[in-house]
Amino acid sequence: MEILDAVTHQRIFLYLERTRVTKLWIDDLLIGTQNSLCTPYIYEVSSALTPGKHTLTICVDNTNYPTKGGHLTSENTQTNWNGITGKIELRFFNKQLFKNIMLFL
């Protein structure tokens with residue numbers, strides 16, 4: 001993928017809608033690992049995506065999932081066959097974000 005100068009002032013997130021345990025690398029830099037049974041995986045990748053071309057590598061681990069059975073984790077499921085199902089997106093936001101918002105009633 002190629003990142004243009006015009007977006008380097010923004011915060012950039014990789015969004016994976018439905019997948020198993022993943023590890024993400026950009027070029028040779030390990031960005032992180034995510035492991036959830038019920039939420040999309042969102043990696044902040046702003047610091048690794050400087051202007052220019054980059055290689056994005058996603059490793060999906062279909063083994064040793066925390067639960068042993070059920071429609072999400074059975075061997076007969078789409079995530080075993082396809083690795084990542086649903087949206088795969090880079091999302092761009094202004095540098096200012098609200099984070100950890102709490103509502104008290």
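Three strands, in the order β5-β2-β8, make up an open sheet with antiparallel pairing. Strands here are DSSP runs of E with at least two residues, numbered from the N terminus, and two of them pair if DSSP finds at least two bridges between them. The edges of this sheet are β5 (41-44) and β8, each of which pairs on one side only. From one strand to the next, the twist averages 15°, based on axes that are lines fitted to C-alpha atoms, with angles running from 0 to 180 degrees between N-to-C directions.

A word on the source: this is a predicted model, where local features need pLDDT of at least 70 and side-chain atom pairs count only at pLDDT 80 or more, while totals for chains, interfaces and linings use all residues. Residues are numbered from 1 along each chain as its sequence is written, and side-chain values use heavy atoms, leaving out hydrogens and water.

Now for the strand pairs. Strands of a sheet pair through backbone hydrogen bonds, either parallel or antiparallel.

| Strands | Bridges | Facing residues |
|---|---|---|
| β2 and β8 | Eight | Leu 14 and Leu 90 |
| β3 (residues 21-26) and β7 (residues 56-61) | Six | Val 21 and Asp 61 |
| β3 and β4 (residues 29-34) | Five | Leu 24 and Gly 32 |

The hairpin of β3 and β4 has two residues between its strands, and Asp 27 there takes a positive phi near 55°.

A search of the whole structure finds one aromatic pair; rings of Phe, Tyr and Trp (its six-membered ring) pair if their centres lie within 6.5 Å, and planes under 30 degrees apart count as stacked, over 60 as edge-to-face and the rest as tilted. The pair is edge-to-face because the ring planes of Phe 13 and Phe 93 stand at 75°, with the centres 5.7 Å apart.

Finally, the charged end of Arg 91 sits over the ring of Tyr 15, 3.6 Å from the ring centre. This label requires NZ of Lys or CZ of Arg within 6 Å of the ring centre and within 35 degrees of the ring normal.

How values were computed: Helix = DSSP H or I, 4+ residues; strand = E, 2+ residues; numbered from the N terminus.
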